[in-house]
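User: Hi! Could you walk me through this model in plain words?
Analyst: Happy to, let's open it up.
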Amino acid sequence: MNNIQKRLLKPSAATHQDRRGRLISFVCVSFIMILTVAIIGFIAIHGLATFTDNHISVWDFLTKSDWNPGQMGPNGKPEVGALAMIVASFAVTLLAALFATPFAVAVAVYMTELAPKKGARMLQPVIELLVGIPSVVYGFVGLVVIVPAIRTVFGGTGFGVLAGSIVLFVMILPTITSLTIDSLKQVPGYYRNASLALGATRWQTIYKVILRAALPGIMTAVVFGMARAFGEALAVQMVIGNAAIVPTSLTSPTSTLTSQLTSQMGDTIMGTLPNNALWSLALVLLLMSVIFNVLVKLIGRRGELK
Amino acid sequence: MRLSKLIPVGLAAAGILLLSGCGTKNKENAVTVVGSTAMQPLVQKAGSDFQAEHKNYTITVQGGGSGTGLSQAETGAVNVGNSDIFAEQKDGIHANKLKDHQVAVVGIAPVANEENGVKNLTEQQLEKIFTGKIKNWKEVGGKDLPIIVINRAQGSGTRKTFETKVLKGQQPVKSQEQDSNGTVKKIVQNTPGTISYLSLPYLNKQIKTLSVDGVEPTAANITTNKWEIWSYEHMYTSKHPSKATQAFVNYLMSKPVQSKLVKEAGYVSVHDMKVHMTPDNRVLPGQ
C-alpha cells in the first residue's frame, strides 16, 4: 500500500522528460536573449562614446554633412556629421522598395492566382537562384554593367543612389516576392469563391478582394525588404561612390551608413574618435532595424484577419 | 533512447576535433601576420616560400588594413602587424611598444583615365587637382573634360602617404572614396576624366601613369628620392619577438628575397635605398 502511494505521488518519467525539455529550451532562449542584449549593449557603449567621451554634439552628428573624424576641422573640432550617410541610406532603400514592390506583387499574383502550377514551376527556381547569389557578385555586376550604363544614359560618373538602388532592387526582390506569396496564399479560398459568385471578374477579384485582404502581409513584406536593403553593405559600397556628400541628384556619388562602415573599419584604431564615429553609424543602423521590426509588428497586428 | 546513443558518438567527435586542433601544430613555430592589404601579396608569397624551406614553421597572412595590423600587433593578438605608415603617425597607437622592421619601399603614382590627353603634371597642378582648385583637364593642357577625383578611404595608409607628400596638410577635395587598390584601378580604367593614385605593384600597361615635373615613378628615381611619393612597408612586432617571428622577418630582409621577390612584386628593396625617411617625414641621405 505504502509503496503504491509513494509511486503515485512521485513525478512520472514523462514529467521528468517534460521538465528536462523545458529546462533545455529555457537555457537556449535565455542564451539568445543575453546575446541580443550584449550585442545591443556593446554597439550602444561604443556608439555613444563619440558623444560622451569625444564630446561631439548629437545634433551636429545628425544634421551636419562634413565627415572627417580623423582630422581637425576649421573650428578646431573633428568633423563628425553623418547626414550624408543617413540621407543616402534612406534614399537607396526607399527607391529600391519602390522599384521592387510592383514586380514582386505581379510575380506573386501570377504564381498564386493566375497560373499557380505553371507559374510556380517556372518562377520558384528563379527566385531561389536570386537569393543564393552572394552580394559581392551583385556589386561586381553593378560596377561593370550598371554604372557604365547609367554613365552613358544620364552622364556623370554613374556612381550614386540610382546605381545603388538598382542593385538593391534585384537583391530585395526575392524577399518581397516570397513573403507576398505567403500572404496571398493565406487569403481564405471562400473569399475568392464568394467574389466570383457575385459575378466579379477574375481581375476584379484579385484587385478588390485578394490584394486588399493580403495588404497587411504585403506591407510587412515590403518593410522586410527595406530592412534588408538598409543593411546591405558590400554590393552598395561598390556602386555608390563612397563620397561623404549629401546626394544632390540620383547620379551624384554619395555614401551609405554601411558602405562607410565597411570601407573604413579596417583602418581605424579601437577607442579613437574615427573608430567611435563608425560605431555611432552602426548604432544608427541598429536603431533603424529596431524601428523596422516594430513597424512589422504594428502592421501585423492592425491587419490580422478576424 | 536515441539520445543516449548519440552522446558517446558526439564525445568521440569532439575528442577528435580537439586532438587535431592541438596535436599537429606547435604554437611556438606559428607566425600570424595581419594588416596592410598593399603588402599582403608580397608577405604571402614570402610566407609560402619560407614554409617550403622550413617545414616546421607555419606562416598565416591576412589583410585587414594598416590600422588593424598596428592595433593587433600592439595588443599582442598577432605576431606581426603590417603597415604602410609609421606607427608614430597613427593616432591611438603607442609606437614605443612596437619594434619597426622596414622590409620594403613602395612608390605611389598618380594614375588617370586614358582619354584626358595629359601625361605629365607639375607638382602644383597635382596639388590643386586633389584640393579641388583645378576642375577641368583643359586647365592643365588636356581635353575639355571635368576632372573626377577618386580618393582612397579615410585612414588608408596609401592615402596618408599621398596626402602628406602632395597636399602638405591641405584639406583634400570632397570626392569619391574606394577602399582598395583593385577597385580604384577598375574605376579609373573605365571612367573618363578620373584621376587617382595607386601603389606601384598595382600598375601595368592597362592604366595610364602620370609623371610629375617630368619625373617617372621608377625604382631608380625612388631610391634617390627624385620621385618623392613613397613610403616604407613596415612589419611591426613586439619589442621581443618570438624566435619564429624573428626568423621570418630576417628571411624577408635577406639578400635573396630582397633582390628577387621584393623586386618582382613591384616594390623597391630597402638595400637599394640611398636615402631614408624618419617618422616625421623628413628624408635624409644614407640608409
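Analyst: One term before we start: two strands pair if DSSP finds at least two bridges between them, and helices (H or I, at least four residues) and strands (E, at least two) are DSSP runs, numbered from the N terminus. This is a predicted model, where local features need pLDDT of at least 70, side-chain atom pairs count only at pLDDT 80 or more, and totals for chains, interfaces and linings use all residues. Residues are numbered from 1 along each chain as written, chains are lettered from A and ligands numbered from 1 in the order written, and side-chain values use heavy atoms, without hydrogens and water.

User: Thanks! Which residue stands opposite B:Leu198 in β8(B)?
Analyst: That is B:Ala109. Strand β4 of chain B (residues 98-112) runs antiparallel to β8(B), and 5 bridges join them.

User: And how does β6 of chain B pair with β8(B), parallel or antiparallel?
Analyst: Parallel, over 2 bridges. B:Ile148 has B:Thr194 of β8(B) as its bridge partner.

User: How many residues of β8 in chain B are buried?
Analyst: 6 of the 6, across residues 194-199. Buried means under 20% relative accessible area, with exposed over 50% and partly exposed in between (1.4 Å probe, protein chains only). On one side of β8(B) sit B:Thr194, B:Ser196 and B:Leu198, on the other B:Ile195, B:Tyr197 and B:Ser199, and both faces are covered.

User: What does B:Leu198 touch beyond its sequence neighbours?
Analyst: Leaving out neighbours within four places, its contacts (heavy atoms within 4.5 Å) include B:Ile108, B:Ala109, B:Val184, B:Leu203 and B:Ile207. B:Leu198 has a relative accessible area of 0%, so this residue counts as buried.

User: Now chain A, please. How many helices and strands does chain A have?
Analyst: Chain A has 12 helices and 2 strands.

User: What is the radius of gyration of chain A?
Analyst: Chain A has 25 Å, while a compact globule of 306 residues would have near 19 Å. The radius is taken over C-alpha atoms, and the globule rule is 2.2 Å times the number of residues to the power 0.38. The C-alpha trace of chain A spans about 90 × 70 × 30 Å along its principal axes.
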